[in-house]
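Trainee: Could you take a close look at the salt bridges for me, and then at the helix packing next to them? I'd like the cut-offs spelled out as you go.

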Amino acid sequence: MEIYVVQSGDTVDSIAESHGTSASSIIYNNQLAYPYPLAVGQALLLSSGETSDPSYPAWVNGYAYPFIQRNTLNDTLPYLSSLSVFSYGFTTDGELVAPTVDDTFMIDAAIMQGVRPILTLTPLGPDGNFNNFLITSVVNDQTAKDNLLSNLLETVQEKNFQGVDIDFEYIRPEDRVPFADFVADVRNYLSPYGYHVSVALAPKTSDTQEGLLYEGKDYGLLGAAADSVLLMTYEWGYTYGPPMAVAPVNQVRRVVEYAVTRIDPAKIDLGIPNYGYDWTLPFVQGSSRATTVSNLEAVRIAIEAGVPIQFDELAMSPFFQYERDGQLHEVWFEDVRSYRAKFALLPEYGLRGMGYWQIMRFFRPNWLLLEDTFQIQRP
């Protein structure tokens, strides 16, 4: 596959003619909508006509909620190794709490396509937010922990899950070791039955990094405790923060460089965002709130506003500004250039694979580029 950046005066037909490909393939690859307008600076994925077999093997996981559209799920599954169903909660005494929407169709669809369905365990409270009191209650109480382990095994067996992903956030510093012990206990309990256990890690760059997101996550202990780990290398640009790339590759690299000193690289999956944000300007800390946009929606906004898409060569991420109703906006999102930069980190550091947060919106250019770059692993 080839990446082409749209220039002034380009059309789908002119690009097809100059690159020896078909207009229909450009439209398909990039999910272009009739009458196929383009934005200057837009990155397009072109089929070169040459084929090769990728040599680097990569495990590809995607997170999804049970309210995912079925066509989106079915279109994405061919590019996945595993599907993490988000999410199952638990009570302070270790009772498992299933999603409010039935997830059976997701599990069945994954198995039908040879993809490993994964139960994602989170300490989400009744308000939908991460609750570190729940974490403390279970990881420090053997009775509650034993009950949760028993309930996990019963549920994965009953629903045909093939593994468990532990996504606990805002862990208290004093629970750093008990949490790592909990992950090890889950693995030891489930591994005799053939179940894979993974854990999600906040994007640290040192052992001593401060903050509630980081202090409770010990990379060395958790890397040893789990079968694999996910580096949550996204959300530098986030809903309540200032405009910037969601996953700037220069920052992502810093996390990876630290992680491989504490964890076997063959256990590490790189977190990949499948979304962007739209901020109104000026940004005001404490009151500004960005809106989540899909990668396709971001390009559509640029086209409708008639503004060029720019590319930050340090963050390796596309962005642009536009005006609507007298209000200035700034948008950062992902395209095939930013994905290619992240993909390059896997062979460079010998990583196991990647995990997408999340697959609720189908972005075909990413999946075609991934398939062209890696040998996607299957269970």
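**Salt bridges and a helix pair**

Mentor: Let's start with Asp 335 and Arg 337, which are both buried (under 20% relative accessible area; over 50% is exposed and anything in between partly exposed, with a 1.4 Å probe and protein chains only). They form a salt bridge, with the closest N and O atoms 2.7 Å apart; the term means a side-chain nitrogen of Lys or Arg within 4 Å of a carboxyl oxygen of Asp or Glu. Keep in mind that this is a predicted model, where local features need pLDDT of at least 70 and side-chain atom pairs count only at pLDDT 80 or more, while totals for chains, interfaces and linings use all residues. Residues are numbered from 1 along each chain as its sequence is written, and side-chain values use heavy atoms, with hydrogens and water left out.

The structure holds 10 salt bridges. Another of them joins Asp 227 to Arg 187, with 2.8 Å between the closest N and O atoms. Asp 227 sits in the loop between α8 (219-225) and β9 (228-231) and Arg 187 in helix α7 (residues 176-190), so this pair ties together parts 40 residues apart in sequence. Helices here are DSSP runs of H or I with at least four residues, strands are runs of E with at least two, and both are numbered from the N terminus. Asp 227 is partly exposed at 21% relative accessible area, and Arg 187 is partly exposed too, at 22%.

Then there's Glu 297 with Arg 361, whose closest N and O atoms are 4.0 Å apart. That one links distant parts of the chain, 64 residues apart: Glu 297 is in helix α10 (residues 295-305), and Arg 361 is in the loop between β16 (353-357) and α13 (364-373). Glu 297 is partly exposed at 25%, and so is Arg 361 at 37%.

Back to α7, for the packing. Helix α6 (residues 142-159) packs on α7 at an angle of about 40°, with the axes 10 Å apart; axes are lines fitted to C-alpha atoms over the stretch in contact, and angles run from 0 to 180 degrees between N-to-C directions. The two are therefore oblique to each other (under 35 degrees is roughly parallel, over 145 roughly antiparallel, 65 to 115 roughly perpendicular, and the rest oblique). In contact terms (heavy atoms within 4.5 Å), α6 residues including Leu 148, Leu 149 and Leu 152 meet α7 residues, among them Phe 182, Val 186 and Tyr 189.
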